[in-house]
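Trainee: I have a model open and would like to go through it with you. Where do we begin?

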Amino acid sequence: MPGLGRKLVEVAHNFARLPHRIGHLDARGPDDGPPALVIPGFLTTDRTTLALRRGLAADGWRVHGWGRGRNQGAYEGILEDMDARLDTVRGDDKALLVGWSLGGVIARELAREHPDKVRAVVTLASPFSGNRKANNVWKYYEKVAGHPVDEPPVAQSPEKPPVPTLALYAERDGLLAQGCQRGQLDESDACVGIPCGHFRIGMSRGMIARVVEEIDTFVER
């Protein structure tokens, strides 16, 4: 589990990127671009993923936020709510699902439930595998979400969803264990390390460019 020093670095990076959350929250990117849905992590919002969505939009995707305010953890019915959102953003096409941290866990389960609607799943620093307490936030998660981290109200399986699945892990993560983000070899189709911490993977301009590059290499349009 990451130590206190790395945790403090994560907090500093988070506050340093606050100006990058300013802007409209509507869909971004070309109207005829392939659809993409970005799901934020625990206690974050569509503002937190704004820089990431800008990067994907600049690459030609028609990018949408999850549209549900602050992510306060898994709840009964979250997959039904996300399925409705997926139908709204994708039209008749399949959508790319990009999930950051807890958002990636949700994205994998959504793809498992509706593989016919999903082009691919990409997780960013998402703890989809291993010990759910191998992180620095699990006690706080339980207080906010209202359920034990080991007993979520929706199924969470490390098994690979039946769609192309890419796991991008933060090599210097100060909040979540890297092993939980990488998973086992058969739990994703590809796994790539990004040289940054938990927040910079979706906030730093340079790291976002790397994320977009990896998505371009992996996902067929």
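Trainee: Which helices each supply at least two residues of the lining of the largest cavity?

Mentor: This is a predicted model, so local features need pLDDT of at least 70 and side-chain atom pairs count only at pLDDT 80 or more, while totals for chains, interfaces and linings use all residues. Residues are numbered from 1 along each chain as its sequence is written, and side-chain values use heavy atoms, with hydrogens and water left out. A cavity is a set of points, on a 1 Å grid over the protein atoms alone, where a 1.4 Å probe fits but cannot get out; lining residues have an atom within 4 Å of a point. Helices are DSSP runs of H or I with at least four residues, strands are runs of E with at least two, and both are numbered from the N terminus; the helices asked for are α3 (78-90) and α4 (102-113).

Trainee: Which helix gives the most to that lining, and with how many residues?

Mentor: The lining includes Leu 102, Val 105, Ile 106 and Glu 109. The helix that gives the most is α4, with 4 residues.

Trainee: How do the lining residues divide into nonpolar, polar and charged?

Mentor: Ala, Val, Leu, Ile, Met, Phe, Trp, Tyr, Cys and Pro count as nonpolar, Asp, Glu, Lys and Arg as charged, and the others, Gly among them, as polar. Among the lining residues are Ala 74, Glu 109 and Gln 156. The division is 8 nonpolar, 1 polar and 1 charged.

Trainee: How much space lies in the largest cavity?

Mentor: The structure holds 2 cavities of 30 Å³ or more. A volume is the space filled by probe spheres set on the grid points, which are joined across faces, edges and corners. For the largest cavity, this comes to about 50 Å³.

Trainee: Is Ser 101 buried or exposed?

Mentor: Ser 101 is in the loop between β3 (95-100) and α4, and its phi is near 55°, a positive value in a residue other than glycine. Buried means under 20% relative accessible area, exposed over 50%, and partly exposed in between, with a 1.4 Å probe and protein chains only. Ser 101 has 10%, so it is buried.

Trainee: What is the relative accessible area of Leu 43?

Mentor: Leu 43 lies in the loop between β1 (35-39) and α2 (50-58). Its phi is near 65°, a positive value in a residue other than glycine. Leu 43 is partly exposed, and its relative accessible area is 26%.

Notes. On a 1 Å grid over the protein atoms alone, a cavity is a set of points where a 1.4 Å probe fits but cannot get out, and a pocket is an open set with protein on both sides within 12 Å along at least five of seven lines; lining residues have an atom within 4 Å of a point.
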